[in-house]
Amino acid sequence: MKGILTNLSAITEEYDVIIAGGGPAGSAAAIAALRAGCTVLVVDRGIHPRQKVCGCCLAPAGIKVLAQLGASSVLDSAQKLSVVRLECGGQVMQMRREGGVAIARDELDESLLDFVVEHGGIVLMGSVASFDVDGSVVVRQDKIVRTIRSRVRIAADGLQGTSLDGISKFEWRVSKSSRMGFGATVDGAALDISREQILMSVHNGGYIGAVRLANGRIDIAAAAHPSVIRGAGGVAPLAAQWLGSHVSTTTKFAGEQWRGTPFLTRRRMQLSYEDVLVAGDASGYVEPFTGEGMSWALATGSAAGNHASAMILSSASSNQWPRIANRIVRSSRMRCLITAQLLRHPRLLRSVMHTSQFFPSLADRVASAFGSNIDTPAPSRIFTKLAP
Ligand SMILES: Cc1cc2nc3c(=O)[nH]c(=O)nc-3n(C[C@H](O)[C@H](O)[C@H](O)COP(=O)(O)OP(=O)(O)OC[C@H]3O[C@@H](n4cnc5c(N)ncnc54)[C@H](O)[C@@H]3O)c2cc1C
């Protein structure tokens, strides 16, 4: 992490663009704004390596955004993916889905922030940013508090972000039937999954996914209704139960460091106001099942960085931002909402999986739920089979 700052006193007081959040959305926004010639500060409250609940599967659409930003090198060590194995009840369906990769989140986020620094951006970790109604950004680190100014502010601080808490227009609308996320990275021997495969297992009350990372460890991520987590006695026993026969007998999931998220399904009441643009998960989220959150974050982050530079260099206004942001994710969000409904009824999903053995076009539709958003790749070849 060469050049990344951890000392709040070391930064100057004015930038063209300040970004709260150094995840995929914040980094993409920073790279786009830097490429347009802006001075950029990214503030993140975490300290690397910081772990996140994420399935770690980057869809082709996200890979394409990174290429457009000239940042494909951050995926140099990623694991290629080619098959999705979907399980629900007794049904198993294997779908060929080429073009995506698996990459550990700490590794991706760190490489992206390194890239920002290499291209002239200032990255400050371990500091919390709060957007003030007066147009400034208050940055706090332990007992040090500084007020920094910019011409455009971008909130890219994810589902658990706090940068917009002081501006009431940006309140969340959270779905009452929402699920919570949880996950961990576990030893490579913990589960029986091959490289290049995404395992997705759907159950009453939620679903779980697992993928083998390039370093051999396994990332597990899940979404479940809180009552189901309580009923199972916690996230570790629930993960072991849902992953069933894939779990090696010697594994004790309880020993791993499990992390959680707040309620996932939510929408921000407003996506822009005066000099503020909202991007990535900070603008809203449906469900992680289709594995496209990082792609949405990269795409909307990159567009926010471009729009910020247009606000500075020409006459663009923040009022245009909600339309731009919604256009980027509209069709995939709709598909994600439909998939989310199907997931709430595993019996229906089971019959769809069963029927799709006989109707390849239906199987194609099921396959299209996985990671083929903003930029849909050519339809995959699909093969289905019943569980033994
Ligand atoms: C169970 C689960 C599985 C998932 N699986 C996948 C998957 O396989 N593929 C996929 O593409 N997506 C997946 N996602 C979604 C993906 O993780 C998110 O969409 C993605 O991380 C969003 O990126 P972001 O940059 O918007 O936010 P984040 O990655 O959340 O980054 C926000 C950053 O803001 C920082 N921050 C917060 N508040 C402040 C503040 N006030 N000041 C400064 N910094 C702050 C945080 O430290 C954080 O680093 C999954 C999500 C869940 C819950």
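**Strands, a ligand shell and a bent helix**

Reader: In β11, which residue is the bridge partner of valine 139?
Author: This is a predicted model: local features need pLDDT of at least 70, side-chain atom pairs count only at pLDDT 80 or more, and totals for chains, interfaces and linings use all residues. Numbering starts from 1 along each chain as its sequence is written. Strand β10 (residues 136-141) pairs with β11 in the antiparallel sense over six bridges, and two strands pair if DSSP finds at least two bridges between them. In β11, valine 139 has as its bridge partner arginine 146.

Reader: Which residue in the turn between β10 and β11 has a positive phi?
Author: Strands (E, at least two residues) and helices (H or I, at least four) are DSSP runs, numbered from the N terminus. β10 and β11 form a hairpin with two residues between them. The turn residue with a positive phi, about 50°, is aspartate 142.

Reader: And which residue in β20 stands opposite alanine 155?
Author: β11 has parallel neighbours too: six bridges join it to strand β1 (residues 14-20), and three join it to strand β20 (residues 276-278). In β20, alanine 155 stands opposite valine 278.

Reader: Which helix supplies the largest share of the shell around the ligand?
Author: The ligand has 44 residues around it, with Gly23, Gly55, Gly158, Gly280 and Gly293 among them coming nearest; a residue is near if its C-beta atom, placed from the backbone, lies within 6 Å. Several elements each supply at least two shell residues, including α1 (24-35) and β16 (218-224). The largest share, four residues, comes from α6.

Reader: Where does this shell lie, and between which domains?
Author: Domain bounds come from an automatic or database domain assignment. Domain 1 covers 8-51 + 105-175 + 266-331, and domain 2 covers 79-102 + 176-263 + 341-386. Both give residues to the shell, so it lies between domain 1 and domain 2.

Reader: At which residue does α7 bend?
Author: Helix α7 (residues 321-343) reaches 31 Å from its first C-alpha to its last, close to the 33 Å expected, where the expected span is 1.5 Å times one less than the number of residues. A bend is the angle between axes fitted to the seven residues ending at a residue and the seven starting there. In α7 the bend is about 50°, at arginine 330.

Reader: Which strands stand at the edges of the open sheet?
Author: This sheet has three strands in the order β12-β18-β21, with antiparallel pairing. Each edge strand has a single partner strand, so one side of each is left without a neighbour in the sheet. The edge strands are β12 (172-174) and β21 (284-285).
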